[in-house]
Amino acid sequence: QVQLVESGGGVVQAGGSLRLSCAASGSIFSITTMAWYRPAPGKQRELVADITRGGNTNYADSVKGRFTISRDNAKNTVSLQMNSLNPEDTAVYYCRIQGTLVAGPSFASWGQGTQVTVSS
């Protein structure tokens, strides 16, 4: 019912920047939390950053000061500005959006993932 389309991934050199975007579409009544995740080798998927409807943000310690999450409620879009990238940031980044459908039920949807590769 809800589709998330991610964009912005690519290959950059260490120290470079990328901006990821994720747009939600469908019969959405409201969106609560929007977030970005990435799988770590040998570990479960970790939360990179999230943002509430009111704009409250949370970041993983490893990205604090380098990444910035933002959202456009009018466009149902969440972005992740990634600066000072290093090879440890290399991963597939997944967008996750939670909210309520027009029909009433809650939903939680994942994006298809976008590859971020940071070279030395």
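Analyst: Happy to. Please keep in mind that this is a predicted model.

Let's start with the rings. A search of the whole structure finds two aromatic pairs. In one of them, the ring centres of tyrosine 37 and tryptophan 110 are 5.1 Å apart and the planes meet at 65 degrees, so this pair is edge-to-face. The two partners come from distant parts of the chain: tyrosine 37 belongs to strand β4 (residues 28–39), tryptophan 110 belongs to strand β10 (residues 106–110), and 73 residues separate them.

Tryptophan 110 also takes part in the other pair, with tyrosine 94. Here the centres lie 6.4 Å apart and the planes stand at 90 degrees, so tyrosine 94 and tryptophan 110 are edge-to-face as well. Since tyrosine 94 is in strand β9 (residues 91–101) and tryptophan 110 in strand β10, the pair ties together parts that are 16 residues apart in sequence.

The charged end of arginine 45 sits over the ring of tyrosine 94, 4.1 Å from the ring centre. Arginine 45 also lies over the face of tryptophan 110, where the distance to the ring centre is 4.4 Å.

Arginine 71 is found in strand β7 (residues 67–72). This residue is buried and yet has no salt bridge. The nearest side chain of opposite charge is that of aspartate 72, 8.2 Å away, and a salt bridge would need the atoms to be within 4 Å.

What does the side chain of arginine 71 reach instead? A polar atom of this side chain lies 2.9 Å from the backbone oxygen of threonine 32, and the side chain reaches the backbone oxygen of isoleucine 51 at 3.3 Å. Leaving aside neighbours within four places in sequence, the contacts of arginine 71 include Ile31, Thr33, Met34, Thr52, Arg53, Thr77 and Val78.

Key:
Residues are numbered from 1 along each chain as its sequence is written. This is a predicted model: local features need pLDDT of at least 70, side-chain atom pairs count only at pLDDT 80 or more; totals for chains, interfaces and linings use all residues. Side-chain values use heavy atoms; hydrogens and water are left out. Helices (H or I, at least four residues) and strands (E, at least two) are DSSP runs, numbered from the N terminus. Buried means under 20% relative accessible area, exposed over 50%, partly exposed in between (1.4 Å probe, protein chains only). Lys and Arg count as positive and Asp and Glu as negative; His and the chain ends are not counted. A polar contact is a pair of N or O atoms within 3.5 Å; within protein, one must be able to donate a hydrogen and the other to accept it, and residues adjacent in sequence count only if both atoms are side-chain atoms. Contact means heavy atoms within 4.5 Å. Rings of Phe, Tyr and Trp (its six-membered ring) pair if their centres lie within 6.5 Å; planes under 30 degrees apart count as stacked, over 60 as edge-to-face and the rest as tilted. A charge sits over a ring if NZ of Lys or CZ of Arg is within 6 Å of the ring centre and within 35 degrees of the ring normal.
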